[in-house]
Amino acid sequence: MENKVKVLLIEDEKNICGFISKALEAQNYQVRTAYTGKDGLSQATSLCPDILLLDLGLPDIDGLEIITKIRAWSAMPIIVLSARTREDEKVKALDLGADDYITKPFGTSELLARIRTALRHSPLIQSRKTEPVYQAKDLKIDFLRRLVTRKGQEIHLTQNEYKILSLLAANSGKVITYDTIMSHVWGPYTDGNNRILRVNMANIRRKLETNPAAPEYIFTEVGIGYRMLEDESAW
């Protein structure tokens, strides 16, 4: 399966959304759009895009507030697209965590160049390029193809199960807290009850482990989180 960079565009002007979407899709990006800040925040938490393009002048929530909310849980690159030209507006957006700021109107070539630059500096994208595969004992995870196999047999996971597993695998050998996993999978506004996480983990272990009661791959750090067996391909 081809791995496309996921772009979330939050822009209330539909003609601009259409123009940008067509330009990016022509360059093989996968684009999702939102016309309000509320919808944009919802999609950001569910889609976990590789990059966010954000208009500041939204009808319901100021774009600066959206930057603040997203930076509370994600390091995804954020490029501001705005008609606001005042220097203090640009500085504030960048200080709050935006990676770049483009003033409207702008050309397609400039936008594409800014996106490429932001993605080059994205830790998530870089980790995908340098460590596209997790391998430990009989378990293999191909991040680019989103393919999980054990002893050469494909393991079918739900979307949330794969999100949990890939997060742990990308940080193999490290303890990942319950809260971090919950925010990554269900967004920062999920309640603190980790029952849903435990249910998903039980299903993952049932599919991965020979004996789920004595796991070989994913270990529980009681009261803290989970740790995945270290990636042998990184040795």
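Buried means under 20% relative accessible area, exposed means over 50%, and partly exposed is in between (1.4 Å probe, protein chains only). Keep that handy for the tour.

This is a predicted model, where local features need pLDDT of at least 70, side-chain atom pairs count only at pLDDT 80 or more, and totals for chains, interfaces and linings use all residues. Residues are numbered from 1 along each chain as its sequence is written, and side-chain values use heavy atoms, with hydrogens and water left out.

**Stop one: Asp 55.** Select Asp 55, which sits in strand S3 (residues 51-55); strands are DSSP runs of E, at least two residues, numbered from the N terminus. Is Asp 55 buried or exposed? Asp 55 counts as buried because its relative accessibility is 4%. Now show its contacts (heavy atoms within 4.5 Å). Skipping residues up to four places away in sequence, Asp 55 touches Ile 10, Glu 11, Asp 12, Gly 63, Leu 81, Ser 82 and Lys 104. An unreviewed UniProt entry lists Asp 55 for "modified residue: 4-aspartylphosphate"; such annotations may be inferred rather than shown by experiment, and UniProt positions are given in the numbering used here, with feature names shortened.

**Stop two: Asp 138.** Jump to the loop between strand S6 (133-136) and strand S7 (139-142), where you'll find Asp 138. Asp 138 is partly exposed, at 38% relative accessible area. Beyond four places in sequence, Asp 138 touches Thr 149, Arg 150, Lys 151 and Tyr 217.

**Stop three: Asp 142.** Next, pick Asp 142 in strand S7. Asp 142 is buried, with a relative accessible area of 14%. Leaving out neighbours within four places in sequence, Asp 142 contacts Pro 132, Val 133, Leu 147 and Tyr 162.

Key:
Helices (H or I, at least four residues) and strands (E, at least two) are DSSP runs, numbered from the N terminus.
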